[in-house]
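Dear colleague,

Please find below the structure that I am handing over to you. My findings follow after it.

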Amino acid sequence: MEIKASMVKELRDKTGAGMMDAKKALVETDGDMDKAVELLRQKGMASADKKMGRIAAEGTIASVIDGKVGAMIEVNCETDFVAKNEEFKEFAQDMAKAVIAMNPSSVEEFLGMTCPKCGKKIEDIVKEKIAKIGEKITIRRFVKYDANCCVNTYIHNGKIGVLLEAKCTNCDESLTKDICLHIASNAPEFISRDQIPASVIEEERRIEMGKEDLAKKPENIREKIVEGRVNKLMAERCLLEQPFVKNPDLTIAQLIEGKCEIVRFERYVLGEGLEKRQDDFAAEVMNQIKG
């Protein structure tokens, strides 16, 4: 039987399934609309796409270390209730493992790849999880380090995550874990001063020069004060110059001297930059009652 575009549209309107999923279902059921709806429901695809317009800014950050390879991923959902669900957290962990196994270069590529473990596309696995859990779920971002030496991670309550690569004289897991914890706590932007773009330093200098408390001071004095302030600001943004969170008498540079070199790090904060849900629980219930 010929599957017309109008039939695919009708099935999509009824189920919220994706276009290709709807077409496949109609082909498999020889154009029987009711059987196609049932098939999509059995496959967990009947309502997933309808949830994709919702706001998903909750979720969790998960990471996996496999030898010298590490991956960290942010998976979002709609509510903190689901974010704390063990099935959801296990799903995020599985996605981090899949990043290591499949080595995607982007989220879009990752979603289109076939999982070697189950033989399904990642996007279909996500849809099935949406249908089961009942909330919009998105894979927002991930990072993978294939390190020559050491890679370590620290996740704080699923809300803040750090992935770190280091070169160590003698691989010291406790030291690199402490550095990950410090990065999570102190949020450095750069490893060292030489990584800071000149434009960033100039912008800070311009802001400081324009502050009211310096307006009446002589030019040479203003320059010295601004230079000191900018140096302090830049030090606060550099990992190696920050006081170690567990022992503020030591900077990170002093802590790792002769022990290891920081190669790179990534720090995720759950939902940063995403729009948050504004409606409260009571309003959500009323919205559901109204259909």
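With which side chain does the side chain of Glu 87 make a polar contact? The partner is the side chain of Lys 132, at 3.3 Å. Please note that the model is a predicted one, and that the values given here are computed from it.

Glu 87 belongs to helix 5. Apart from residues up to four places away in sequence, Glu 87 touches Lys 129 and Lys 132. Glu 87 and Lys 129 are 42 residues apart along the chain, and their C-alpha atoms are separated by 9.3 Å.

Helix 5 (residues 86-102) packs with helix 7 (residues 122-133) at an angle of about 180°, and the two axes are 12 Å apart. The two helices are therefore roughly antiparallel to each other, since angles over 145 degrees are counted in that way. On the side of helix 5, the contact is made by Glu 87, Phe 88, Phe 91, Met 95, Ala 98 and Met 102; helix 7 contributes Ile 122, Ile 125, Val 126, Lys 129, Lys 132 and Ile 133. Sorted by class, this contact has nine nonpolar and three charged residues, and no polar ones.

Regarding the protein as a whole, its secondary structure comes to 12 helices and eight strands. Of its 291 residues, 43% are buried. Among contacts with a separation of 6 or more, 62% are between residues 24 or more positions apart.

The largest nonpolar core has 28 residues, of which Ile 73, Val 75, Met 95, Phe 110, Ile 122, Ile 137 and Ile 139 touch the most other members. Two or more residues each come from strand 1 (58-66), strand 2 (69-77), helix 4 (80-83), helix 5, helix 6, helix 7 and strand 3 (138-146). Helix 5 gives the largest share of this core, with nine residues. As for Ile 73, leaving aside neighbours within four places in sequence, its contacts include Ile 61, Met 95, Val 99, Phe 110 and Ile 139. There is also a second, separate core of 21 residues, which includes Ile 160, Leu 175, Ile 179 and Cys 260.

The side chain of Thr 153 is joined to that of Ser 63 by a polar contact of 2.8 Å. Beyond four places in sequence, Thr 153 touches Ser 63, Ile 65, Val 162, Leu 163, Lys 177 and Cys 180.

Most residues other than glycine have a negative phi. Asn 103, although not a glycine, has a positive phi of about 55°. Asn 103 is found in the loop between helix 5 and helix 6 (107-112), and at 48% relative accessibility it counts as partly exposed. Ala 187 likewise has a positive phi, near 50°. The location of Ala 187 is the loop between helix 8 (173-186) and helix 9 (198-209); with 32% relative accessibility, Ala 187 counts as partly exposed.

With kind regards

How values were computed. Residues numbered from 1 in each chain as written. Predicted model: local features only at pLDDT ≥ 70, side-chain atom pairs only at ≥ 80, totals over all residues. Heavy atoms only, no water. Axes fitted to C-alpha atoms, helices over the stretch in contact; angles between N-to-C directions. Helix = DSSP H or I, 4+ residues; strand = E, 2+ residues; numbered from the N terminus. Parallel < 35°, antiparallel > 145°, perpendicular 65-115°, else oblique. Contact = heavy atoms within 4.5 Å. Nonpolar A, V, L, I, M, F, W, Y, C, P; charged D, E, K, R; others polar. Polar contact = N/O pair within 3.5 Å; in protein donor to acceptor, adjacent residues only side chain to side chain. Buried < 20%, exposed > 50% of the residue type's maximum accessible area, 1.4 Å probe, protein only. Core = buried A, V, L, I, M, F, W, Y, C linked by side-chain atoms within 4.5 Å.
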